[in-house]
Amino acid sequence: VPDADYTTGVSTYTNSAKIRWDGLGGDGLGSNSISIGIGYNAITKTGTAQPATKSVLWTVHVNEKNQTIPDLKVYDLLVYASSGFNASQVDAGSYPSGLNLSDLTPRYNQQYIDSSFTDTAGTGLSIAVYPLYKSGVRIADLLEITGFALDKDNVFTFRSLVVNPDIFAGNKSSTLYNTATLFSATTKLNQATKSLSYVSRDLSKQMLNRTAVSDPAAGVNSAVTTNTSYGYDYVDESVIFRLSINSDGIDLTGAINASGNALGAATVTDTLPAGWEFVDITDGVQYLIFEATANTTGTLLASDTTPDVVADLTANISGQTAAFTFQTLNRPYVILVKARPTSETVADYFSENQTTTVTNTLNLKAENWTPGVNSTQAVKITSVLLEKTLEVPQTGVLKWTVNYQPYQVEQPGTAVQDTLPVGLDLYTDSTGALLIDGYISVYEMNLAADGSYSLGSQVTLIQGD
């Protein structure tokens, strides 16, 4: 292979063989191509997302392996915007003379955190930060690292601040990239790129099990349910929704975006589906709020079951909308609110045998971040207004059970009529009079919170009445 002064990467050399015989046509038979990599990567990179501080810790290794590489440098280009960096538009004089910015790979949505550079291995590294400007506006940070030892593994770390709220508060997993480029003076030698998943769990909407309706605060942690059928209380005709706000525990209102502006006051808005309205969660109390402990699941745990008072929080709850505006949102909170369908909506839900699923939407946005992000929670409500089952207690005898279940809604009908087909008869005595006792029984039924019914008092039946 060529004898170079030094190597900083792996070069691949490929060889193949072919055999051909005199007197035979064609190109002959060839072997597979064999590829061999010669050299080594002098630069490698890793990264770790740190959502609690809206940052990423980047680690770079540079090892010359005793080679003499003149004026060895590493450059790293962090661009505040999410796209569109053009090296030719950078103001002249804001970066090292002779460096071609087009040799660098811009990595977006990040800003260098001042004083975060660390010479981890203690080999004498130093950093210079060059602010890059476009028409006088700072748009990027160019990092230049120098002072590499030729006989050691040089290791340095730095942190970048994520400045795109759609990433650090986006309630999703985003991919962030960073590229460190190795130079000899102004000549590009090699580069190392690392991507990582940055997971934001900023907002989540759940509900409490219907068993918590009587004491929501006590069930703020223990009664959380993921089953859409467990939230609606058929007796109270309500649902308690549980809102997890700022689950990562970041300083959201003070967070800086790509333009250098704080996001500002944050507003959480819970919007009910048509035909629903918010009601007091307890007598005279519209909502309950709890300080919580940040976690990475999105579903917060309240610090305790005692509701808290939050300074600079304004709540505006009316009709279908509950809006909570935080002038300072720098810690996580759990909010409980109670909602129920209107009487007209309840009558519609329980007007026939049907299952209804409705979805509620929670939104988080800020003064300098719209439209923000959403989280949803579905609620399933099942109506079995009329049902009929059959048993065969003995040969030739059929036992029918009819359940009429109005769910506390006054239905338009006035009678339940059951028509027997030809070949079936009710029991009568020898005179043809209808037998009631032991043959026809009617019971009142009691509605439970889970929508089930149980037998109550028996109704005395009087023929003709």
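# Cores, pocket and local geometry of a predicted model

Phe324 and Phe326 touch the most other members of the largest nonpolar core, which holds 72 residues. The structure described here is a predicted model.

## Nonpolar cores

Beyond its neighbours within four places in sequence, phenylalanine 324 is in contact with Leu243, Ala266, Thr267, Val268, Tyr287, Leu313, Thr314, Ala315, Ile317, Ile335 and Val337.

## The largest pocket

The volume of the largest pocket is about 1700 Å³. Its lining comprises 36 residues, and those nearest the centre are Trp400, Val402, Tyr439, Ile440 and Ser441. Strand 28 (397-404), strand 29 (442-447) and strand 30 (453-459) are the elements that each give two or more residues to this lining. Of these, strand 28 gives the most, with eight residues. Sorted by class, the lining of the largest pocket has 23 nonpolar, eight polar and five charged residues.

Threonine 8 belongs to the segment before strand 1 (10-15). Its relative accessibility is 7%, under the 20% limit, and threonine 8 therefore counts as buried. When neighbours within four places in sequence are set aside, threonine 8 is in contact with Tyr40, Asn41, Ala42, Ile69, Leu182, Leu189 and Asn190.

Glutamine 67 is placed in the loop between strand 6 (55-63) and strand 7 (72-79). This residue is also buried, with a relative accessible area of 15%. Two polar interactions involve its side chain. One reaches the backbone nitrogen of threonine 7 at 2.7 Å, and the other is a polar contact of 3.0 Å with the side chain of tyrosine 40. Leaving aside neighbours within four places in sequence, glutamine 67 is in contact with Tyr6, Thr7, Tyr40 and Leu150.

## The loop between strands 13 and 14

Threonine 186 lies in the loop that separates strand 13 (173-184) from strand 14 (187-199). Its relative accessible area is 37%, which makes threonine 186 partly exposed. Not counting residues up to four places away in sequence, threonine 186 touches Ser97, Gly98, Leu99 and Asp103. The C-alpha atoms of threonine 186 and leucine 99 are 5.3 Å apart in space, although the two residues are 87 residues apart in sequence. Alanine 185 is found in the loop between strand 13 and strand 14 as well.

## Backbone geometry

Most residues other than glycine have a negative phi, and most peptide bonds are trans. Alanine 185 is not a glycine, yet has a positive phi of about 55°. Aspartate 312, likewise not a glycine, has a positive phi of about 60°; aspartate 312 is found in the loop between strand 21 (301-302) and strand 22 (313-318). The peptide bond from threonine 370 to proline 371 is cis, with omega near 5°, and proline 371 is found in strand 26 (residues 369-383).

| Residue | Relative accessible area and class |
|---|---|
| Threonine 8 | 7%, buried |
| Glutamine 67 | 15%, buried |
| Alanine 185 | 27%, partly exposed |
| Threonine 186 | 37%, partly exposed |
| Aspartate 312 | 48%, partly exposed |

Terms used
Residues are numbered from 1 along each chain as its sequence is written. This is a predicted model: local features need pLDDT of at least 70, side-chain atom pairs count only at pLDDT 80 or more; totals for chains, interfaces and linings use all residues. Side-chain values use heavy atoms; hydrogens and water are left out. On a 1 Å grid over the protein atoms alone, a cavity is a set of points where a 1.4 Å probe fits but cannot get out, and a pocket is an open set with protein on both sides within 12 Å along at least five of seven lines; lining residues have an atom within 4 Å of a point. Grid points are joined across faces, edges and corners, and a volume is the space filled by probe spheres set on the points. Helices (H or I, at least four residues) and strands (E, at least two) are DSSP runs, numbered from the N terminus. Ala, Val, Leu, Ile, Met, Phe, Trp, Tyr, Cys and Pro count as nonpolar, Asp, Glu, Lys and Arg as charged, and the others, Gly among them, as polar. Buried means under 20% relative accessible area, exposed over 50%, partly exposed in between (1.4 Å probe, protein chains only). Contact means heavy atoms within 4.5 Å. A nonpolar core is a set of buried Ala, Val, Leu, Ile, Met, Phe, Trp, Tyr and Cys residues joined through side-chain atoms within 4.5 Å. A polar contact is a pair of N or O atoms within 3.5 Å; within protein, one must be able to donate a hydrogen and the other to accept it, and residues adjacent in sequence count only if both atoms are side-chain atoms.
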